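Welcome to this short tour. Please load the model in your viewer and keep the selection tool at hand.

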Amino acid sequence: MLEAVAKAGIVLAVGFNRRFSPSMTRLRNAVRGGRLGSIVTISAEQTALHGLTLTEGAWRVQPTESPGGAMTPIGVHLVDGMIDLLGPIDSVFAKVNRHAASHADDTTDVLLTFKNGATGHVFCSTVATPHYRMALYGTGGFAEIVGHQMGTYRFTAALHGEAFGAAEAEVFEIKGFQHVDRRT
């Protein structure tokens, strides 16, 4: 691919700007610093409504361009974040459905097993009320990012010795973060 891009004389840009959110940095630090203990599972959802407005000729409705339903336009960002947090994926089971879009599959559910043994779930839809959430459950605590702008980070420590106990959540609100492309 890189050879084809160079030969064509074009610029290739891959944008996974969600990795650079201050909330994602907090979540990554909690995972890598051991604050969550052993990770049991990760769950991520991202939804939008643009699937309702796609026309028949749009590239995102072409099976050859967007074969995984909502994975191509939005789910890929969730999987990228999961790999960044937990490493390589060992196995995948996916189900793609069409609920409301006229010209393309619009909803995708994915079950994952990571090479480290943790499991994961991805839900993405281009016809559901807009939302974003990434949550990790571990033996030492629970952490999540909520909101399309990834503006809320919440961490709740486990209270060991109490089967249903948890500490009061630490909540951080990040306002106005925008990833800016600084290339000229």
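A word on exposure before we set off: a residue is buried under 20% relative accessible area, exposed over 50% and partly exposed in between, using a 1.4 Å probe and protein chains only. This is a predicted model, where local features need pLDDT of at least 70, side-chain atom pairs count only at pLDDT 80 or more, and totals for chains, interfaces and linings use all residues. Residues are numbered from 1 along each chain as its sequence is written, and side-chain values use heavy atoms, leaving out hydrogens and water.

**Aromatic pairs**

Rings of Phe, Tyr and Trp (its six-membered ring) pair if their centres lie within 6.5 Å; planes under 30 degrees apart are stacked, over 60 edge-to-face, and the rest tilted. There are 2 aromatic pairs to visit. Select Tyr 137 and Phe 142: this pair is tilted, because the planes meet at 45 degrees, with the ring centres 4.7 Å apart. Tyr 137 is partly exposed at 36% relative accessibility, while Phe 142 is buried at 18%.

Next, select Tyr 153 and Phe 172, whose centres are 6.1 Å apart and whose planes lie at 40 degrees, so this pair is tilted. Tyr 153 is buried at 2%, and Phe 172 is partly exposed at 28%.

**Charges over rings**

The rule here is NZ of Lys or CZ of Arg within 6 Å of the ring centre and within 35 degrees of the ring normal. Then show Arg 35, placed over the face of Phe 155 at 3.9 Å from the ring centre.

**The nonpolar core**

A nonpolar core is a set of buried Ala, Val, Leu, Ile, Met, Phe, Trp, Tyr and Cys residues joined through side-chain atoms within 4.5 Å. The largest one has 30 residues, and Leu 27, Leu 85, Leu 86, Val 122, Met 134 and Leu 136 touch the most other members. Helix α3 gives the largest share, 5 residues. Which residues does Val 122 contact, neighbours within four places in sequence aside? Among them are Ala 44, Met 71, Leu 78 and Leu 112, with contact meaning heavy atoms within 4.5 Å.

Methods: Helix = DSSP H or I, 4+ residues; strand = E, 2+ residues; numbered from the N terminus.
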